[in-house]
Amino acid sequence: MKTFLVVNPRSAGGQTGKRWAELSAQVSRAIGEFGHGFTEGAMDAARIARKAVQEGYECVVAVGGDGTINEVLNGFFHEGRAINPRAALGIIPRGTGGDFRRAFGWDLELDSALARLRSAHTEPFDVGFVEYVNHEGKPEQRYFANIASFGVSAVVAHEVNTSSKALGGNLSFMWGTVKGLVKYSAPKVRIRADAGSQDPVSVTVVAVANGRYFGSGMCVAPGALTHDGLFDVTVWSGYGLNDFLFKSKGIYNGQHVTWKGTRQLQCRSFEAESENGQEVLIEVDGEVPGRLPARMTILPGAIRLKV
């Protein structure tokens with residue numbers, strides 16, 4: 001496949017940029033000629049990826065972490081539709097969190113990623129689409145590969161993104177979770193799945209999941225599949241700092257689905273709105289672009305994924 005790499009040189013603690021000559025030589029030996037572009041700022045990856053798809057590249061590869069994957073995915077779309085539904089998203093994981101890759105059991109080894117790129121095998125990939133209110137109070141929309149969530153998860157993502165990740169992905173998220181839960185007050189949110197009734201919920205976290213993991217390894221949606229045309233929604237209510245400190249194993253291995261405070265459902269669309277006007281931040285693939293109200297819609301098999 002005609003392949004283009006969208007490279008975040010700051011990923012892997014800056015090692016991607018510093019070692020690019022070595023990395024690109026390995027890629028070239030594995031797949032032959034390829035195009036590439038480097039990101040410099042926010043949403044650069046989307047712009048670069050969109051241009052590559054429009055120019056006929058059949059596989060566009062995100063070289064970076066979950067944020068880079070999200071931006072590259074957004075580049076597959078223009079004016080509300082996929083530019084080329086047969087185009088494939090490829091991944092060379094280089095990030096600290098790595099929640100997207102965990103759903104597929106992919107490691108961080110370059111050889112593993114190159115083996116996937118060499119293969120002709122792709123599978124249909126569902127894409128999430130979220131409409132929300134940005135930080136300036138204006139309507140905005142975005143596509144997502146993994147999970148869109150709101151509640152304390154967005155507070156934690158904000159803490160992690162505005163702090164140093166020198167501790168590494170897992171410890172950074174654990175410390176961010178502790179800080180987020182200490183100051184978090186659960187809001188009342190009205191939620192609706194598909195055409196169902198609106199239900200008021202006291203929200204610790206609501207995760208609208210295409211993939212299975214968020215928060216650097218928390219298995220929030222153990223049954224989620226990226227090719228079944230459905231969101232798996234997990235609602236956590238009534239959880240606090242003590243639950244995270246003393247029951248965190250169940251959050252990371254998926255056992256939380258059996259707990260009293262966990263509710264699960266499947267749907268094709270999901271809506272949420274703060275009941276009393278309280279600001280409720282939304283997290284999309286690890287970024288915090290805005291707040292509720294929000295509507296999420298699944299786009300079944302919108303593009304392909306290199307697996």
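I began with residues 1-135, whose end C-alpha atoms lie 39 Å apart, with 36% of the span in helix and 28% in strand. The model is a predicted one. I checked the record for this span: UniProt, in an unreviewed entry, places the feature "domain: DAGKc" at residues 1-135.

**Entry: salt bridges**

I searched the whole structure for salt bridges and got 9. I noted three of them in detail.

I looked at Arg47 and Asp44, which form a salt bridge with the closest N and O atoms 3.5 Å apart. Both residues belong to helix α3 (residues 44-54), and because they are 3 residues apart there, about one helical turn separates them. I then looked up their accessibility. Arg47 is partly exposed at 48%, whereas Asp44 is buried at 15%. The cut-off for buried is under 20% relative accessible area, so Asp44 falls below it.

Next I took Glu271 and Arg192, a salt bridge in which the closest N and O atoms are 4.0 Å apart. Glu271 sits in strand β17 (residues 269-274) and Arg192 in strand β10 (residues 188-193), so this pair ties together parts 79 residues apart in sequence. Glu271 is partly exposed, with a relative accessible area of 27%. Arg192 is also partly exposed, with 25%.

Arg295 lies in strand β19 (residues 287-306) and Glu271 in β17, so the pair ties together parts 24 residues apart in sequence. Arg295 is partly exposed, with a relative accessible area of 32%. Through shared partners, the salt bridges join Arg192, Glu271 and Arg295 into one network.

**Entry: the β10 and β11 hairpin**

I followed β10 to its neighbour. Strand β11 (residues 199-202) runs antiparallel to β10, and 4 bridges join the two. I picked out Lys188, whose bridge partner in β11 is Ser202. The hairpin has 5 residues between the strands, and in it Asp194 takes a positive phi near 50°.

**Entry: helices α2 and α6**

For helix α2 (residues 20-31) and helix α6 (residues 110-118), the axes come within 9 Å and cross at roughly 35°. I recorded the crossing of α2 and α6 as right-handed. On the α2 side the contact is made by Leu23, Gln26, Val27, Ala30 and Ile31, and on the α6 side by Leu110, Leu114, Leu117 and Arg118.

**Entry: backbone angles**

I listed these cases because most residues other than glycine have a negative phi, and most peptide bonds are trans.

Where is a cis peptide bond? I found one from Leu292 to Pro293, with omega near 5°. Pro293 is in strand β19.

I then looked up positive phi values. Glu79, a residue other than glycine, has phi near 55°. Glu79 lies in the loop between β4 (77-78) and β5 (81-82), and is exposed, with a relative accessible area of 73%.

Asp285 is not a glycine either, and its phi is positive at about 50°. I located Asp285 in the loop between β18 (281-284) and β19. Is Asp285 buried or exposed? Asp285 is buried, with a relative accessible area of 6%.

Terms used:
Residues are numbered from 1 along each chain as its sequence is written. This is a predicted model: local features need pLDDT of at least 70, side-chain atom pairs count only at pLDDT 80 or more; totals for chains, interfaces and linings use all residues. Side-chain values use heavy atoms; hydrogens and water are left out. UniProt positions are given in the numbering used here, feature names are shortened, and annotations may be inferred rather than shown by experiment. A salt bridge is a side-chain nitrogen of Lys or Arg within 4 Å of a carboxyl oxygen of Asp or Glu. Buried means under 20% relative accessible area, exposed over 50%, partly exposed in between (1.4 Å probe, protein chains only). Two strands pair if DSSP finds at least two bridges between them. Axes are lines fitted to C-alpha atoms, for helices over the stretch in contact, and angles run from 0 to 180 degrees between N-to-C directions. A crossing is left-handed if the near helix is turned anticlockwise from the far one by less than a right angle, and right-handed if clockwise. Contact means heavy atoms within 4.5 Å.
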